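Hello,

Here is the structure I promised to pass on. Please have a look at it first, and then read my notes below.

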Amino acid sequence: MKHITLVGAGALGSHVALLLRNVDARLKLVDFDRVEQTNVRSQFHSRKSVGKSKVQSLQQSLQFLFGLTVDGVPHRLVSGNAKEVLTGSDLVIDALDNVASRELVATVAHALEIPCLHGALAPDGMFGRVLWDGQFAPDAEPGVGAATCEDGEHLPFIGIVASYMAHAARVFISENVKIGFAVHPRGASPI
Amino acid sequence: MNDNNMELRGLIDTTEARVNITWGGQNGDLLETVAYDASDRMVRQWITEAVRHGSVPGIALDGHADFSEFVIDRFAATMTRPYNLIQVRPKTPFG
């Protein structure tokens, strides 16, 4: 059995988890954050999960809906625990939203020789990236007051980008081939 | 070009690149390839002129197109994408 570690259970990560529910691999979720009311509009978390950890929320949803058991690490990934958390993975998926954590995941995955798939979204729902390893460089967070994905207006596009991420992960797990995409509202291009 | 794709050498022009642009949710390529090592400033100038003149298939003319805050990525040719790619895109800080 292969092992996938999905870091980040927000807009992209929560939907990637949903779409990987029947992949031939054991899934581990990593996120320190808790579900807030606003998350319900753009993430695969229910109103009943508000206040719970995002990891626990997804674990319970996947168990309740599909009878699927996934591992969970409801803690922030930091330099002191990253190696331990990622060790043993056949694939790491980065669905984070800040540069420091993305760089940590990329650095530790590279050091452990674990392939790393990155997913990233523009706040206006106009572009997404699904890239592997060194192809990916994270973009800095926008300033306070800038647009976010939180209002759910672009939920279908979030789902599209998450679908490409899950597809790329599935192809890698089954065929050991890395495919990447640039995703926009009218389609996607291979990278 | 990746080192493990040496067989691509000779099959493609490694000095040229396609330029792919995403603007306002629309996507298209510049009609002409450009030098793969063209500066970001030059790429920004070319695509701004092209979008403002409506000469990018797939992207509607926009006289106010502004790419100053966009990111320019470069991807060397691979076996599955046998051409160099310069991609001009909005920032993607979220996950």
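Does B:Thr92 count as buried or exposed? Keep in mind that this is a predicted model. B:Thr92 has 24 C-beta neighbours inside 10 Å, and the cut-off for a buried residue is 20 or more, so B:Thr92 counts as buried.

As for its place in the chain, B:Thr92 sits in the segment that follows E5 of chain B. B:Phe70 is 22 residues away from B:Thr92 along the chain, and the C-alpha atoms of the two are 9.9 Å apart. Leaving aside residues up to four places away in sequence, B:Thr92 touches a set of residues in chain A: Ala120, Leu121, Ala122, Phe127, Gly128, Arg129 and Asp139 of that chain.

That brings me to the contact between the two chains. Chain A contributes 32 residues to it and chain B contributes 18. On the chain B side, four strands supply at least two residues each: E1 (16–23), E2 (26–29), E4 (71–75) and E5 (84–89). By type, this side of chain B consists of 10 polar, 5 nonpolar and 3 charged residues.

Now for chain A itself. Its secondary structure amounts to 8 strands and 5 helices, in the order β-α-β-α-β-α-β-α-β-β-α-β-β along the sequence. The radius of gyration of chain A is 15 Å, close to the 16 Å from the globule rule for 191 residues, so chain A is as compact as a globular protein of that length. Of those 191 residues, 46% count as buried.

Best wishes

Notes:
Residues numbered from 1 in each chain as written. Chains lettered and ligands numbered in written order. Predicted model: local features only at pLDDT ≥ 70, side-chain atom pairs only at ≥ 80, totals over all residues. Rg over C-alpha atoms; globule rule 2.2 N^0.38 Å. Buried ≥ 20, exposed ≤ 12 C-beta atoms within 10 Å, placed from the backbone. Contact = placed C-beta atoms within 7 Å. Nonpolar A, V, L, I, M, F, W, Y, C, P; charged D, E, K, R; others polar.
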